[in-house]
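I opened my notebook to record what I looked up in one structure, step by step.

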Amino acid sequence: MKRYSNKEIHEIVIGIFAQALGVEQQSLSPLTAYNSHTGWDSLRQLEIVSNLEQALNINLTIDDMIEMDTIKKTEEVVTRRLSRQNNP
């Protein structure tokens with residue numbers, strides 16, 4: 001199982017968000033939130049989750065999806081999920 005650095009996780013997450021939201025990566029920050037970005041709706045959330053699962057070979061739960069309300073929290077959820085997969 002591949003291990004990712006925090007920088008790699010950040011780059012993957014921010015890239016997936018930028019693509020899903022149709023914006024430049026530079027316009028996003030760790031504090032970009034679900035309720036503050038007009039393009040980030042429930043359908044985009046599902047797209048983001050699906051792309052994260054494919055890119056990182058992880059499975060996210062409904063609870064994970066609910067928790068992922070900012071980019072920073074998404075990175076935390078992904079890091080935690082990867083850690084659990086690497087240390088069952």
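**Entry 1: what I am working with**

I note that this is a predicted model, in which local features need pLDDT of at least 70 and side-chain atom pairs count only at pLDDT 80 or more, while totals for chains, interfaces and linings use all residues. Residues are numbered from 1 along each chain as its sequence is written, and side-chain values use heavy atoms, with hydrogens and water left out.

**Entry 2: helix α1 against helix α2**

I took helices as DSSP runs (H or I, at least four residues), numbered from the N terminus. I first looked up helix α1 (residues 6-21) and helix α2 (residues 42-56), whose axes come within 10 Å and cross at roughly 140°. The axes are lines fitted to C-alpha atoms over the stretch in contact, and the angles run from 0 to 180 degrees between N-to-C directions. That angle makes α1 oblique to α2, given that under 35 degrees counts as roughly parallel, over 145 as roughly antiparallel, 65 to 115 as roughly perpendicular and the rest as oblique.

I then listed the residues that meet, where contact means heavy atoms within 4.5 Å. From α1 these are I12, V13, I16, F17, Q19, A20 and L21, and from α2 they are R44, E47, I48, N51, L52, A55 and L56. Sorted by class, this contact has 10 nonpolar, two polar and two charged residues; Ala, Val, Leu, Ile, Met, Phe, Trp, Tyr, Cys and Pro count as nonpolar, Asp, Glu, Lys and Arg as charged, and the others, Gly among them, as polar.

**Entry 3: helix α1 against helix α4**

For α1 and α4 I found axes that come within 10 Å and cross at roughly 125°, and α1 and α4 are therefore oblique to each other. On the α1 side the contact is made by N6, I9, H10, V13, I14 and F17, and on the α4 side by I71, T74, E75, V78, T79 and L82. By class, I noted seven nonpolar, four polar and one charged residues for the contact of α1 with α4.

**Entry 4: aromatic rings**

How many aromatic pairs does a search of the whole structure find? The search finds two, where rings of Phe, Tyr and Trp (its six-membered ring) pair if their centres lie within 6.5 Å, and planes under 30 degrees apart count as stacked, over 60 as edge-to-face and the rest as tilted. F17 and W40 are edge-to-face, with 4.9 Å centre to centre and 75° between the planes. F17 lies in helix α1 and W40 in the loop between α1 and α2, so this pair ties together parts that are 23 residues apart in sequence. Y34 and W40 are also an edge-to-face pair, at 5.7 Å centre to centre and 70° between the planes, and ring pairs link F17, Y34 and W40 into a cluster.

I checked burial next (buried is under 20% relative accessible area, exposed over 50%, partly exposed in between, with a 1.4 Å probe and protein chains only). F17 is buried at 0%, W40 is buried at 2%, and Y34 is partly exposed at 35%.

**Entry 5: two residues of helix α4**

R81 has its place in helix α4 (residues 71-86), and its 14% relative accessibility counts as buried. Not counting residues up to four places away in sequence, R81 touches I58, N59, L60, T61 and D64. V77 is found in helix α4 too, and is buried at 0% relative accessibility.
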